[in-house]
Structures are given as structure tokens and as C-alpha cells.
Amino acid sequence: MKQLYQGKAKIVYEKSPQEVVIHFTDGATAGNGAKKATIEGKGVLNSRISNLLFEYLGENGVVTHFIKQLNDRDTLCRKVTIIPLEVIVRNIASGSIVRRLGIEKGTVFDQPTVEFSYKNDDLGDPLLNDDHAVALKIATREELDHIKREALKINDLLKSRFYSIAMTLVDFKLEFGKDDEGVIRLADEISPDNCRLWNNENISFDKDLFREDSGDLIEGYEAVYHLLEETS
Ligand code: C5P
């Protein structure tokens, strides 16, 4: 299969004009590639967790790229052109918003926030607002409104799914893409690599374990996977 894209933790292959195979590797990066490692088994866990969550979102009316899991590391997906926006939803302050706005870590927001970053490694994925996204022709205003509504719907669904395994969804990043019929689909992955998940003692079960060297990443991801799998 022709390789279309190699990311930090995934490789995308073209399976047919309308389908791709996403292969999850064990690559781990943080700080836009400043910290790098290979963590054996991470790709398998992310692939399994992401597939469970995409299936759940699909069953609940979210339009996604997911077709089916092929094996432990490969997932068949509808081919989309990624809209170069990182769509970040926050329920609780942590990470960059704490540093940027001086909010105390752990502050619970009355309403979830949605923010956009421009997906561009050379620029360090800078924040951008709707006007900038329209000016750069990344998306139309209607598409941005649709993406925000979808992101909030996904937040409600994921929050309750994680609540059912006694985890709090602090924040997460989504990516959307357009298929060849112009339909906007949720794409990329949803895993502890791009979500923050805390247990009821505010202990992290996500990539902060790697970013902050605060514990065993595989143990954390395995716990998330087993809890989701047992309750599927
Ligand atoms: O770093 P920051 O606090 O802005 O991250 C917010 C959420 O988005 C976190 O869950 C993080 O894992 C995710 N994220 C991501 N990829 C990025 C930036 C953030 O998955 N490039």
C-alpha cells in the first residue's frame, strides 16, 4: 500500500481511492517533538482505545472516519482530507491554558471551552480564532460552527463514557476531515495520547505520565483500555 503520511505515532496508507489504513506505532512525542521515545505496546493500546471510542461515538450519531479494526495496530478508515485545525475542548484547566492564562490547574469551568490551533508543526501549532481560520481559508464560518457543535456533542458523550469508568475527562484534542463527498467526519484518534483523564484522586492516566515523567504510561493506558473494554 502507498504511504500517504507519516506522523509522530501513526502511519497512514492508501487502501483504495476512498479508504485508508491507519497504523499505530509505539512513537511518543511531547512538546511538539522536543521529547521523543518509543514505548513498547503504546500503539496497540491507543489503537484499541481509539477504536472502542470511535465505535461508541458512531453508535451515538457522530459522523466519523472509522470503518473497522483490522488487527492490533491497523484500522480501516474512510479517506478524508484533514482540516488543519486542532480542536481542543476543555472541561477543567490543565496544560497550556494554565500557563497561558494563569488559571489554577484543576479549575472546573462552568461551561466547556472550545479552542482552535492551526495544525502546523513549523509554527508550533499556534492558537487561532474563527476570523483567522476563515481568512486563511482553512474552513468556512458555517463549517467552524458545525465543528464546534460536534466537538461539544462529542464532549458530552465522552464525559459520560469516562464517568462510567470513574474517570474525569479534563480536556482533549480532535481533528476533523472532509471525505470526497464533502462530508465532515471526525478523524485522527481519541486515546490517552490526546485526552487528559484523571481518576477521583486527580491522578493522570494519559500522556502527562510521559510529558511529566510522573508514572508508567503503559500501566495507565492499560487501565483505561481494560475499564472501557469491560464496560463495552
Ligand atoms: O497542551 P494543551 O493543554 O493545550 O492540550 C490540551 C489537550 O489537547 C490535551 O489533552 C492534549 O493531550 C491535547 N493535545 C494534543 N495534541 C496537540 C496539542 C494538544 O493531543 N498537538
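The structure itself is a predicted model.

**The second largest pocket**

By that scheme, the lining of the second largest pocket comprises nine nonpolar, seven polar and two charged residues. The lining has 18 residues, and Ile92, Tyr163, Met167, Thr168 and Leu169 lie nearest the centre of the pocket. Its volume is about 280 Å³. Four elements each supply at least two lining residues: β9 (85-92), β10 (108-118), α4 (141-163) and β12 (168-178). Of these, β10 gives the largest share, five residues.

**The chain as a whole**

The chain contains six helices and 14 strands. Its radius of gyration is 17 Å, close to the 17 Å that the globule rule gives for 232 residues, so the chain is as compact as a globular protein of that length. Along the principal axes, the C-alpha atoms fill a box of roughly 45 × 40 × 35 Å. Some further values for the chain are tabulated here.

| Property | Value |
|---|---|
| Buried residues | 50% of the 232 residues |
| Accessible surface of the chain | about 11,400 Å² |
| Carbon and sulfur part of the accessible surface | 48% |

Among contacts in the chain with a separation of 6 or more, 58% join residues 24 or more positions apart.

Terms used:
Residues numbered from 1 in each chain as written. Predicted model: local features only at pLDDT ≥ 70, side-chain atom pairs only at ≥ 80, totals over all residues. Heavy atoms only, no water. 1 Å grid on protein atoms, 1.4 Å probe; cavity = no way out; pocket = protein on both sides within 12 Å on 5 of 7 lines; lining within 4 Å. Points joined across faces, edges and corners; volume = space filled by probe spheres on them. Nonpolar A, V, L, I, M, F, W, Y, C, P; charged D, E, K, R; others polar. Rg over C-alpha atoms; globule rule 2.2 N^0.38 Å. Buried < 20%, exposed > 50% of the residue type's maximum accessible area, 1.4 Å probe, protein only. Contact = heavy atoms within 4.5 Å. Areas by Shrake-Rupley, 256 points an atom, 1.4 Å probe, with all protein chains shown as cover.
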